[in-house]
Amino acid sequence: MTSTHHLIVVGFDEIVANKYLPCIRDAIKSGHIDSYSIIDLESQRSEIDRRIQAAGIKPRGVVYLPNSGDRVQGTPRELIAAAIQRLRVPGAPTKVYIATEVRAHEAYLRFCVENHIDSLVEKPVLAPVVDSRFKPSYITKTMEELIGVAADSSAQHSVMTLSRYHQIYNQRVIASLRDRMERWEAPLTSFHLRAAGGVWNLQREFESRDDHPYKYGYGMMMHGAYHYVDLATQILSLNAEVFPERQLRLEVSAFGAFPIDQHQRVSQPIAGRFQDDGARWSADSDASFRFGETDVTSAFRLVDAATGRTISLGTLSFEQTTPSIRNWGELPEGVYNVNGRTSSVDLEAQLSTLFSTHIHCYDIPRGVSADGIDAFARVTTRANAALLPDEQYVSEESFDGLFHSDSNRQLMEHWLRGSENRSSLASHLRPMQVTEALASSVLTPGHLATVPF
């Protein structure tokens, strides 16, 4: 029988309060956890207290930590140790859900790994900081170190991301591709993914807001894009699964756009309506206060390392915005989706001349509130039915009333029950390596980065 754990939530933000408290409540009722506690920053005390007051289930304890003086420095290890020790329940094992800003992920995750404490860390896993600067080149070595230490313990470490329990991406697209590739011994030869989600920020909001990562020196690659880097990596990895005898290598080259580019990219008449139509930063000032990228586009090939022959070609694009429902007024209090943001994901995977699947999944605002967002998906397949008589030339399925958060909740529910097995820390090494390659290439435009597959 599984022991009843005590859950410590690090970072009690709106996502936790809105999306995961029901999962925590159910886990308490079912006896998988006894209760939960919170660790957050002193600067967030009033917001956290307000969320706790509104919560249907109250935490057993709360610890507020002092803010770091450095804008990119993580939380010191001794503060983490003292806070977790203070909140632990005697006789009960501990689980830690790490939902802080990504710059603090590594410190909490490292503590859990080294002290054999079950953890669930939000995407992306970590963003290494060296000399107060984001260093994507340290991602792989840090991941390999943590995975190596974790392997010597029975503690379970998982990563919260969208595309491990998703009704469309995982249960239909990846599963059907894997099945066909195995039956036909056909490689994936073409893959294109564009994920656009979010909204333009006012230029002053890049400096002032804490609900996005740009001001910490990293951007889309270490934020919402990771969901789809993970999805793309799972699909590209099918070639390695189906053809394990091949040694594969991903080669990728990327370009980015940054907040400093924004005044040249947004409509001047529209921007003028909310006094945001001028260049806010000069090129010189951006060098000393560099914001993370807002948009990334890249091209890649998956190559057989032994022969140098290309197997797959494609593109990966992660962009900040689609047409949204924000009017750029002052952000309202108490609304979860403060950006009024929507998203659009377009994906196509092809097995040479045999088969192709195309997915378009986009958010639909429902009603007058920006909270009322669900998703619509259309899956279209095309097949060479002359060679494959069991396949249709063209098929199309539509899905309405989807909620991306359902897959996140499933992952959370499994982790709280101790049955999570699709999103282990070790399984995120390759997606994080792809993230490192893209982020590094963006910082050196056009640089060719490689990842072993």
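Helices are taken here as DSSP runs of H or I with at least four residues, numbered from the N terminus. The model is a predicted one, and the features below should be read with that in mind.

**A buried aspartate.** Asp230 lies in helix 8, which spans residues 225-236. Its relative accessibility is 0%, so Asp230 counts as buried, the limit for that class being under 20%. The side chain of Asp230 is joined to that of Arg164 by a polar contact of 2.8 Å. When the neighbours within four places in sequence are set aside, the contacts of Asp230 are Thr161, Ser163, Arg164, His428 and Pro431.

**Helix 3.** In helix 3, which covers residues 77-87, the buried residues include Ile80, Ala83, Ile84 and Leu87. Viewed down the helix axis, the buried residues of helix 3 fall within an arc of 95°, and therefore they line one face of the helix. An α-helix has 3.6 residues a turn, so residues three or four places apart point the same way. Glu78, Gln85 and Arg86 are exposed on the other side of helix 3. The buried residues of this helix pack against strand 1 (5-10), strand 2 (33-41), strand 3 (62-65) and strand 4 (94-98), as well as against helix 4 (105-114).

Strand 13 (residues 342-351) and strand 14 run antiparallel and are joined by 8 bridges, with Ser344 standing opposite Tyr362 in strand 14. These two strands form a hairpin with 3 residues between them, and Ser352 in the turn has a positive phi of about 40°. Strand 14 also pairs with strand 15 in the antiparallel sense, over 11 bridges; here Thr357 stands opposite Thr381, and His358 stands opposite Thr380. Strand 15 in turn pairs with strand 16 (residues 394-402), again in the antiparallel sense, over 7 bridges, and Val394 in strand 16 is the bridge partner of Arg382. Strand 15 is mostly covered, since 9 of its 11 residues are buried.

**Aromatic rings.** Across the whole structure, a search finds 8 aromatic pairs. In one of them, the ring centres of Tyr362 and Phe376 are 5.4 Å apart and the ring planes stand at 50°, so the pair is tilted. This pair links distant parts of the chain, with Tyr362 in strand 14 (residues 355-365) and Phe376 in strand 15 (residues 373-383), 14 residues apart. Tyr362 is partly exposed, with a relative accessible area of 28%, whereas Phe376 counts as buried at 12% relative accessibility. Elsewhere, ring pairs link Phe134, Tyr216 and Tyr218 into a cluster.

| Charged residue | Ring | Distance to ring centre |
|---|---|---|
| Lys95 | Trp415 | 4.7 Å |
| Arg246 | Phe243 | 4.5 Å |

Definitions and conventions. Residues are numbered from 1 along each chain as its sequence is written. This is a predicted model: local features need pLDDT of at least 70, side-chain atom pairs count only at pLDDT 80 or more; totals for chains, interfaces and linings use all residues. Side-chain values use heavy atoms; hydrogens and water are left out. Buried means under 20% relative accessible area, exposed over 50%, partly exposed in between (1.4 Å probe, protein chains only). A polar contact is a pair of N or O atoms within 3.5 Å; within protein, one must be able to donate a hydrogen and the other to accept it, and residues adjacent in sequence count only if both atoms are side-chain atoms. Contact means heavy atoms within 4.5 Å. The arc is that of the directions from the helix axis to the C-beta atoms. Rings of Phe, Tyr and Trp (its six-membered ring) pair if their centres lie within 6.5 Å; planes under 30 degrees apart count as stacked, over 60 as edge-to-face and the rest as tilted. A charge sits over a ring if NZ of Lys or CZ of Arg is within 6 Å of the ring centre and within 35 degrees of the ring normal. Two strands pair if DSSP finds at least two bridges between them.
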